[in-house]
Amino acid sequence: FSAKDDAFLGREDAGLFYGGGFDQLITQTVMVVAVFVFVCAAAGLLFYLIKMTIGLRVTAEEEIAGLDVLEHGSPGYGEGFGSYVPGAIGDGGTPAPPAKVPTPA
C-alpha cells in the first residue's frame, strides 16, 4: 500500500515533488478555480430564483419575535438569550390551562 509505485515515479510527468514540474499543479489549480466559479454562479442563480419566488427573508415582526417560537412553538434558548418572548406560545413560563374533564351526569 505505502510502497513506492515504480510505474508512477518512472514517468516524466510524475508531479511537482517527484521532478515532474508544475504541469499537474497548474492543471489542478485551473480545475479548482473552474469548480469555484461554477459553484458560485450556480448558487447565485439559485438564490436569485428563490428570492424572486418565495423570498429569502422573513418579516421584521417574525424576526423580532424569534423564528424558533414561530416555527417550533417554543424558544430555542432560555430567558436572557434574546429569543425569549414572555407570554409566547411554548415559552415555558405560561402553563396551558387545565383540560376540562367531563363530569358524569
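## Exercises on a predicted helical model

Look at the surface first: Leu-16, Phe-17, Phe-22, Leu-25, Ile-26, Val-30 and Met-31 make up a nonpolar patch with about 740 Å² of accessible area together. This is a predicted model, where local features need pLDDT of at least 70, side-chain atom pairs count only at pLDDT 80 or more, and totals for chains, interfaces and linings use all residues. Residues are numbered from 1 along each chain as its sequence is written, and side-chain values use heavy atoms, leaving out hydrogens and water.

**Exercise 1.** Work out where Leu-16 sits and whether Leu-16 is buried or exposed, or something in between.

*Solution.* Start with the location: Leu-16 lies in the loop between α1 and α2. Next, recall the cut-offs: buried is under 20% relative accessible area, exposed is over 50%, and partly exposed is in between (1.4 Å probe, protein chains only). Leu-16 has a relative accessible area of 36%, so Leu-16 is partly exposed.

**Exercise 2.** Check the span of α2 against the expected one.

*Solution.* First, the rule: the expected span is 1.5 Å times one less than the number of residues. Now count: α2 has 31 residues, and 45 Å is expected. From first C-alpha to last, α2 reaches 45 Å, close to that value. After α2 comes Gly-55, with a positive phi near 90°.

**Exercise 3.** Find the elements with the lowest and the highest mean pLDDT.

*Solution.* pLDDT is the predictor's confidence in each residue, from 0 to 100. Helix α1 (residues 6-9) is lowest at 58, and helix α2 (residues 23-53) is highest at 95. Across the protein chain, the average is 74, and 58% of the residues score at least 70.

Technical notes. Helices (H or I, at least four residues) and strands (E, at least two) are DSSP runs, numbered from the N terminus. Patches are made of residues with over 30% relative accessible area and no salt bridge: like charges are joined within 9 Å, nonpolar side chains (Val, Leu, Ile, Met, Phe, Trp, Tyr) within 5 Å. Accessible areas come from the Shrake-Rupley method with a 1.4 Å probe; for residues, only the protein chains shown count as cover. A salt bridge is a side-chain nitrogen of Lys or Arg within 4 Å of a carboxyl oxygen of Asp or Glu.
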